[in-house]
Amino acid sequence: MLPSRPLLHAAVFALAVLQAFASKTFIAAVYEHAVILPDDTDEPVSPDEALALMNKNMDVLEGAIKEAAQQGAHIIVTPEDGIYGWRFTRETIYPYLEDIPDPVVNWIPCTDPTRFAPTPVQERLSCMARNNSIYVVANIGDKKLCNSSDPSCPSDGRYQYNTDIVFDPEGKLVARYHKYNLFRRETQFNYPKEPEVVTFETPFGKFGIFTCFDILFREPAVVLVSELQVDTVLFPTAWMNVLPFLTAVEFHSAWAMAMGVNLLSANTHNIDLAMTGDGLFTPEGPAAYHYDSETEEGRLLLAELSTRPRLSPTYHPAVNWSSYATSIKKFPGEKDTFLGAVRRDIFTFSELRRKAGNYTVCQGDLCCHLVYRMSNKSKDEVYVLGAFDGLHGSLIKYHWQICTLLKCKSTDLNTCGQPVEMAQTKFEMFSLSGTFGTSYVFPEVLYSGVELAPGEFEVLRDGRLKSKHGTSKPLLTATLFGRLYEKDLPHPLRTSP
């Protein structure tokens, strides 16, 4: 007699769990999805029309999930806004939302679809996980009704949240996270009353989850890693790339290295909005990443990662980010400096006039120190050392300290800080450091063509970002990107909903 399908599924799942527990690694996947967007409309569509659009996107995601599972992946992360896009007002997004219960209810939507009905999106995602025996991470919208007994209930009688959900290989809902740091355009959603820190245990480590803009703030990002000690962070995002410091692959890779965790970053793909760049990032650098600003296709990435990166013999020791820079006895600032804008931030720059040298630039409480030697400086290219110490942002203001070696867009110094993607100059060596007032500093090295430099630089315990054997490709930027969370201004939009 053949075993029943539920018993067979349980046996397969139990075997997979035992294998995962016995392994020190697991296979992770992320999918960069070219989202099928709804038509612009001022009026809400019907629930059937909304579901039809979401099913088109889920058809694509299901194909990626099946392929990842066939290649042995234990978990796959899909992007923020990956099921319905972002062209919404508060009213027009409502037909796309579902009521997502707290995971404590112990619910498998695939086998019990009517328990919290109507939940067709959760049911389908649950079945994708169950049918492929894989953890599935997705981003959808949650709705919660409220009434006048709740003094902060919105006038339309509901809360709406940008929400990540996770289903385990049995299809059970195991995590739900409401995005806390909404981007300024996300007026269709409410802010949670309190920041959520969501973790869950897997056979391959302790996982945490947050969304996109959250990564730039202490809550929940730093809390998950520094206080709750997660091993891996799941990161659905819709990241609009901003050179020279905030392209998805450079900042997300730097964040994983500085925080000492795995980061599974899944981005949406829309070249008109400069959305591209996802990856599987580790404390040692990117295990796999993808950046494509030319084509319209999505991309599946897989890589084998350590289950407990903190236990790795190659795990980086703690860094004192200001140790070297503050130990320099003579730390004179360059006399020949000028101001330049990186978007709205006014940096203090000094041009690197020689092929080799030792430069210092200061702004506020931050002094940046650079030792370098160029190997083939192009006559048509200008590089500068820059420092910024202050608040960033027009509406939501948060404090950055940045030391950067960067290529200017042209030989006109007024272009220093403007986006540039191509370079010709290589460096035989560079060493960058700064008198940072924070322990949260993210090291970035970006090559021509918006390419990362895995294995070609290191961070010394005294806070120096240093090339190992020179740059193998022309350099766009080498940056130490610091965050002083304690100096952030109160969020002007985050009020109790």
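Colleague: Is cysteine 367 buried or exposed?

Modeller: In this predicted model, cysteine 367 is buried, with a relative accessible area of 17%. The cut-off for buried is under 20%.

Colleague: Which cysteine does a disulfide join to cysteine 367?

Modeller: Cysteine 362 is joined to cysteine 367 by a disulfide, with an S to S distance of 2.0 Å. Cysteine 362 is partly exposed, at a relative accessible area of 30%. The torsion about the S-S bond of this pair is about 105°, so the disulfide is right-handed.

Colleague: How many disulfides are there by this rule?

Modeller: The count comes to 5 disulfides. With the bonded cysteines of the protein chain numbered in sequence order, the pairing reads 1-2, 3-4, 5-6, 7-8, 9-10.

Colleague: What about cysteine 110 and cysteine 127, how far apart are their sulfur atoms?

Modeller: The sulfur atoms of cysteine 110 and cysteine 127 are 2.1 Å apart, and the two residues form a disulfide. Its S-S torsion is about 105°, so this disulfide is right-handed.

Colleague: Which parts does that pair tie together?

Modeller: Cysteine 110 sits in the loop between strand S2 (75–77) and helix H3 (120–132), while cysteine 127 belongs to helix H3, so the bond ties together parts that are 17 residues apart in sequence. Cysteine 127 is buried, with a relative accessible area of 16%.

Colleague: And cysteine 146 and cysteine 153, buried or exposed?

Modeller: Both cysteine 146 and cysteine 153 are buried. A disulfide joins them, S to S 2.1 Å. The torsion about their S-S bond is about 75°, so the disulfide is right-handed.

Colleague: Changing topic: where does UniProt place the CN hydrolase domain?

Modeller: The UniProt record, an unreviewed entry, places the feature "domain: CN hydrolase" at residues 31–307. In the model, that span is 21% helix and 26% strand, and its end C-alpha atoms lie 20 Å apart.

Colleague: What is the strand order in the open sheet of 6 strands?

Modeller: The order is S6-S7-S8-S9-S10-S11, and the pairing is mixed. Strand S6 (198–202) and strand S11 (285–290) stand at the edges with a single partner strand each, so one side of each is left without a neighbour in the sheet. On average, neighbouring strands of this sheet are turned by 15° against each other, direction ignored.

Colleague: In what sense do S8 and S9 pair, parallel or antiparallel?

Modeller: Strand S8 (residues 232–237) and strand S9 (residues 262–267) pair in the parallel sense over 6 bridges. Phenylalanine 235 stands opposite serine 265 in S9.

Colleague: Which strands does helix H5 lie across?

Modeller: Helix H5 (residues 248–259) lies across S8, S9, strand S10 (278–282) and S11, and runs at about 20° to S10.

Colleague: Now to strand S17. How many of its residues are buried?

Modeller: Strand S17 (residues 383–392) is mostly covered, as 9 of its 10 residues are buried. S17 runs antiparallel to strand S14 (residues 345–351), and 4 bridges join the two. Glutamate 351 has valine 384 in S17 as its bridge partner.

Colleague: How many bridges are there between S17 and S18?

Modeller: S17 and strand S18 (residues 398–407) pair over 10 bridges in the antiparallel sense. Phenylalanine 388 has isoleucine 402 in S18 as its bridge partner.

Colleague: Which residue takes a positive phi in that hairpin?

Modeller: Glycine 393 takes a positive phi near 110° in the hairpin of S17 and S18, which has 5 residues between the strands.

Technical notes. Residues are numbered from 1 along each chain as its sequence is written. This is a predicted model: local features need pLDDT of at least 70, side-chain atom pairs count only at pLDDT 80 or more; totals for chains, interfaces and linings use all residues. Side-chain values use heavy atoms; hydrogens and water are left out. Two strands pair if DSSP finds at least two bridges between them. Axes are lines fitted to C-alpha atoms, for helices over the stretch in contact, and angles run from 0 to 180 degrees between N-to-C directions. Contact means heavy atoms within 4.5 Å. A disulfide is a pair of cysteine sulfur atoms within 2.5 Å. Buried means under 20% relative accessible area, exposed over 50%, partly exposed in between (1.4 Å probe, protein chains only). UniProt positions are given in the numbering used here, feature names are shortened, and annotations may be inferred rather than shown by experiment.
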